[in-house]
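Colleague: I would like to learn how to read a model of a protein chain. Could we go through one, feature by feature?

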Amino acid sequence: MAGSGRLALRTLPGLGWVRGSGPAVLSRLRDAAVVRPGFLSAAEEETLRRELEPELRRRRYEYDHWDAAIHGFRETEKSRWSEASRAILQRVQAAAFGPGQTLLSPVHVLDLEPQGYIKPHVDSIKFCGATIAGLSLLSSSVMRLVHTQEPGEWLELLLEPGSLYILRGSARYDFSHEILRDEESFFGERRIPRGRRISVICRSLPEGMGPGEPGQPPAAC
Ligand SMILES: O=C(O)CCC(=O)C(=O)O
Ligand SMILES: [Fe+2]
Ligand SMILES: [Mn+2]
């Protein structure tokens, strides 16, 4: 699947590397699976990393259950941010979410060790709405999307440090997403070695579920 490498294209200057199983899926998900390389300046990346590091370091990496989606990770749900980080998160909100979308608060921070990876899954539709937006820090990785009904339909996103990815609509609901483990971490022919990766993930609330309304979701999806 991943090795068939038929298409690799950077759709427009400033847009990220996306590969797909064919031109139809690439064009259909053009606005639904988006990568913005260099979304963060080096200084912004450093701001986030320095703020997150002490909180993450207090936790242990989890390997746990055979059926868990994420392996070799530690995570936190963070609601208190420095002013500099809040400004970054506001840029994410403006870039990825519509004015009518309420964000799930707190923000999910995930730290994958170099051997850590995320198995294919679809985020819970009960607790998370139509849009997922993630910043990547430290290490590049490959995110693969596979159609849940048509496994021959897939897309791969190259997530470089400082990039922002956005999954919305069909890319979020009809495709699973995963982060490839180091041994499988290729973008076409190109080897993408996996180091430690930190992601900062913002999600919208399911439609009709405002903060403070009954049935408020748990912090994590
Ligand atoms: O690390 C990421 O960017 C994605 C994490 C993820 O898929 C999840 O927590 O559901
Ligand atoms: Fe997810
Ligand atoms: Mn999750």
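Modeller: We will start with the whole chain and then turn to single elements and residues. Keep in mind that this is a predicted model.

Colleague: How many helices and strands does the chain have?

Modeller: The secondary structure comes to four helices and 13 strands. Of the 221 residues of the chain, 35% count as buried. Contacts tell you about the fold as well. Among those with a separation of 6 or more, 78% are between residues 24 or more positions apart.

Colleague: Which residues does UniProt list for a domain?

Modeller: An unreviewed UniProt entry lists residues 75-203 as "domain: Alpha-ketoglutarate-dependent dioxygenase AlkB-like". In the model, that span is 14% helix and 47% strand. Its end C-alpha atoms lie 15 Å apart.

Colleague: How do I read a helix, say α3?

Modeller: Begin with its length. Helix α3 covers residues 83-96, which is 14 residues, and at 1.5 Å a residue they should span 20 Å.

Colleague: Which residues of α3 are buried, and which exposed residues does the face turned away from them carry?

Modeller: The general idea is that an α-helix has 3.6 residues a turn, so residues three or four places apart point the same way. In α3 the buried residues are Ile88, Val92 and Ala96. Seen down the helix axis they fall within an arc of 60°, so they line one face of α3. The face turned away from that buried side carries the exposed residues Glu83, Arg86, Ala87, Gln90 and Ala94.

Colleague: What do the buried residues of α3 pack against?

Modeller: They pack against helix α2 (42-57) and the strands β6, β9 (164-168) and β13. Take Val92 in helix α3 as a case. Val92 counts as buried because it has 22 C-beta neighbours inside 10 Å, and the cut-off for buried is 20 or more. Leaving out residues up to four places away in sequence, Val92 touches Ala133, Leu135, Leu164 and Cys202. A sequence separation is a separate matter from a distance in space: Val92 and His108 are 16 residues apart in sequence, and their C-alpha atoms are 13 Å apart.

Colleague: Where is Thr131, and is it buried or exposed?

Modeller: Thr131 is in strand β6, residues 131-137. It counts as buried because 21 C-beta neighbours lie inside 10 Å. Beyond four places in sequence, the contacts of Thr131 include Ala96, Phe97, Ile166 and Arg203. Glu53 is 78 residues from Thr131 along the chain, and the two C-alpha atoms are separated by 26 Å.

Colleague: What should I look for in the backbone itself?

Modeller: Most residues other than glycine have a negative phi, and most peptide bonds are trans. Here a cis peptide bond joins Ser105 and Pro106, with omega about 5°. Pro106 lies in the loop between α3 and β5. The other case is Leu138, whose phi is near 75°, a positive value in a residue other than glycine. Leu138 lies in the loop between β6 and β7 (141-147). With 17 C-beta neighbours inside 10 Å, Leu138 counts as partly exposed.

Colleague: Which residues does Asp174 touch?

Modeller: Not counting residues up to four places away in sequence, Asp174 touches His147 and Thr148. Asp174 is in the loop between α4 (170-173) and β10. It counts as partly exposed because it has 18 C-beta neighbours inside 10 Å.

Colleague: How far apart are Arg28 and Ala171?

Modeller: Along the chain they are 143 residues apart, while their C-alpha atoms are separated by 9.4 Å. Arg28 is in helix α1, residues 23-28.

Colleague: Last, what is the shell around ligand 1 made of, by class?

Modeller: By class, the shell has five nonpolar, three polar and one charged residues. Of the nine residues around ligand 1, Leu110, Ile118, Asp123, Gly134 and Ser199 come nearest. Strands β5 (107-121), β10 (175-179) and β13 (197-203) each supply at least two residues of that shell.

Definitions and conventions
Residues numbered from 1 in each chain as written. Chains lettered and ligands numbered in written order. Predicted model: local features only at pLDDT ≥ 70, side-chain atom pairs only at ≥ 80, totals over all residues. Buried ≥ 20, exposed ≤ 12 C-beta atoms within 10 Å, placed from the backbone. Contact = placed C-beta atoms within 7 Å. Near = placed C-beta within 6 Å. Nonpolar A, V, L, I, M, F, W, Y, C, P; charged D, E, K, R; others polar. Expected span 1.5 Å × (residues − 1). Arc of directions from axis to C-beta. UniProt positions renumbered as here; feature names shortened; annotations may be inferred.
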